[in-house]
Amino acid sequence: MTSPASGDGLPDYAPIPPSARGVTPNEQGYYVGRVERNLYWVTDGVYQSAFLATPDGVVLFDTPPSIGHNLQRAIDEITAAEGVTNRVTHMVYSHHHDDHTGASSIFGSDVVRIGHEETRRLLLRDNNPARPVPDVTFADSYTLEVGGERVELSWRGPNHTPDNIYIHFPDHDTLMFIDVVNAGWVPIYNVNLSEDVPGYMAAPDIVLSFPWTHLICGHLGRLATRDDVLVHQQYIADIEASAREALASVNPVPYYVAGGENFWAGVKGHLNAVTERTAAPVIAKYTGVLAAADIAEFTYSTAFQIMQSLRLDRGPSGPVHP
Ligand SMILES: [Zn+2]
């Protein structure tokens with residue numbers, strides 16, 4: 001492992017904008033808050049989970065290992081105050097990634113786990129006992145009813161992962177959708193470590209097609225608003241527009257000439273130039289607006305992914321030889 005150098009070895013970054021700041025976790029390292037009625041969210045400041053506290057049992061949505069055993073502490077705190085059972089009876093997986101599901105097994109085997117059929121397939125592939133596969137799966141949509149509450153699960157195509165689902169709480173004015181929009185922050189590397197770039201870029205429109213006021217987005221210390229989704233969409237749209245401009249305006253020929261017989265050196269020179277030209281105006285525009293916009297690797301690698309998707313998914317990837 002490498003560690004950051006102390007003192008002046010660390011680069012200076014822009015201050016975190018006030019709009020990116022979140023709640024402060026307690027001494028135990030978690031914060032639990034009411035979203036609406038008996039729907040609660042839990043965060044350690046970086047990861048988010050949620051639960052419904054019903055008279056018939058608790059329904060837990062995601063189990064990030066970074067929150068881990070604090071999930072049950074948060075549940076105990078709320079259910080004791082509300083006078084309902086603290087027993088987790090159901091668990092929903094948003095997607096298969098370990099950083100959102102890796103504390104699943106601490107709730108034992110006497111829990112009904114629900115997830116997309118692709119989540120089951122991927123968890124079988126990954127074969128990690130910390131993340132038991134879902135017992136109940138669905139292909140397109142599933143209505144979960146527990147203790148008089150209703151949750152609508154739906155899959156609308158691949159985005160961050162092939163299995164990432166929309167979790168709608170129609171009676172709590174809330175949507176939970178993980179790892180696409182980071183409220184107040186830029187996506188981290190490579191469109192937030194996403195597998196399907198067109199799906200990732202299209203997902204916020206689907207998010208906004210649901211009725212909700214509160215979005216549980218999976219990361220950082222506050223819930224997202226519809227405005228957060230719009231700012232995220234504008235950031236991505238600005239990268240796309242900038243990438244189109246850069247692809248059209250950067251002349252590849254000098255880079256391939258400079259690379260000589262090393263064709264890949266030509267590719268590197270050309271695509272790096274396109275990526276730098278794409279990212280620079282976006283970094284300038286969003287520094288101070290979205291936290292960590294000035295961490296160049298994040299916007300740079302996201303710009304690279306989007307620029308490649310424009311070439312390879314949508315095309316054209318280059319001129320057709322005459
Ligand atoms: Zn993920």
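By the rule used here, in which a cavity is a set of points, on a 1 Å grid over the protein atoms alone, where a 1.4 Å probe fits but cannot get out, the count comes to 1 cavity of 30 Å³ or more. The model is a predicted one, in which local features need pLDDT of at least 70 and side-chain atom pairs count only at pLDDT 80 or more, while totals for chains, interfaces and linings use all residues. Residues are numbered from 1 along each chain as its sequence is written, and side-chain values use heavy atoms, with hydrogens and water left out.

The largest cavity is lined by N182, G184, W185, V186, P187, D228, H232, Y235 and L290, where a lining residue has an atom within 4 Å of a point. A pocket, by contrast, is an open set of points with protein on both sides within 12 Å along at least five of seven lines. Volumes are the space filled by probe spheres set on the points, which are joined across faces, edges and corners.

| Space | Volume | Lining by class |
|---|---|---|
| Largest pocket | about 390 Å³ | 8 nonpolar, 4 polar, 2 charged |
| Second largest pocket | about 250 Å³ | 9 nonpolar, 5 polar, 2 charged |
| Largest cavity | about 30 Å³ | 5 nonpolar, 3 polar, 1 charged |

In these classes Ala, Val, Leu, Ile, Met, Phe, Trp, Tyr, Cys and Pro count as nonpolar, Asp, Glu, Lys and Arg as charged, and the others, Gly among them, as polar.

Of the 14 residues that line the largest pocket, L247, R311, P316, S317 and G318 lie nearest its centre. Helix 6 (226-249), helix 8 (263-286) and helix 9 (296-314) each supply at least two residues of this lining, helices being DSSP runs of H or I with at least four residues and strands runs of E with at least two, numbered from the N terminus.

Helix 9 also packs against helix 5 (residues 197-209), at an angle of about 110 degrees and with the axes 9 Å apart. The two helices are therefore roughly perpendicular to each other, a term that covers angles of 65 to 115 degrees. In this contact (heavy atoms within 4.5 Å), V197, P198 and M201 of helix 5 meet Q305, I306, S309, D313 and R314 of helix 9.

The whole structure holds 8 aromatic pairs, meaning rings of Phe, Tyr and Trp (its six-membered ring) whose centres lie within 6.5 Å. One of them joins Y166 and F177, whose ring centres are 4.1 Å apart with planes at 5 degrees, so the pair is stacked, the word for planes under 30 degrees apart. Because Y166 lies in strand 10 (residues 166-169) and F177 in the loop between strand 11 (174-176) and helix 4 (189-193), the pair ties together parts that are 11 residues apart in sequence.

Notes. Axes are lines fitted to C-alpha atoms, for helices over the stretch in contact, and angles run from 0 to 180 degrees between N-to-C directions. Angles under 35 degrees count as roughly parallel, over 145 as roughly antiparallel, 65 to 115 as roughly perpendicular and the rest as oblique. Rings of Phe, Tyr and Trp (its six-membered ring) pair if their centres lie within 6.5 Å; planes under 30 degrees apart count as stacked, over 60 as edge-to-face and the rest as tilted.
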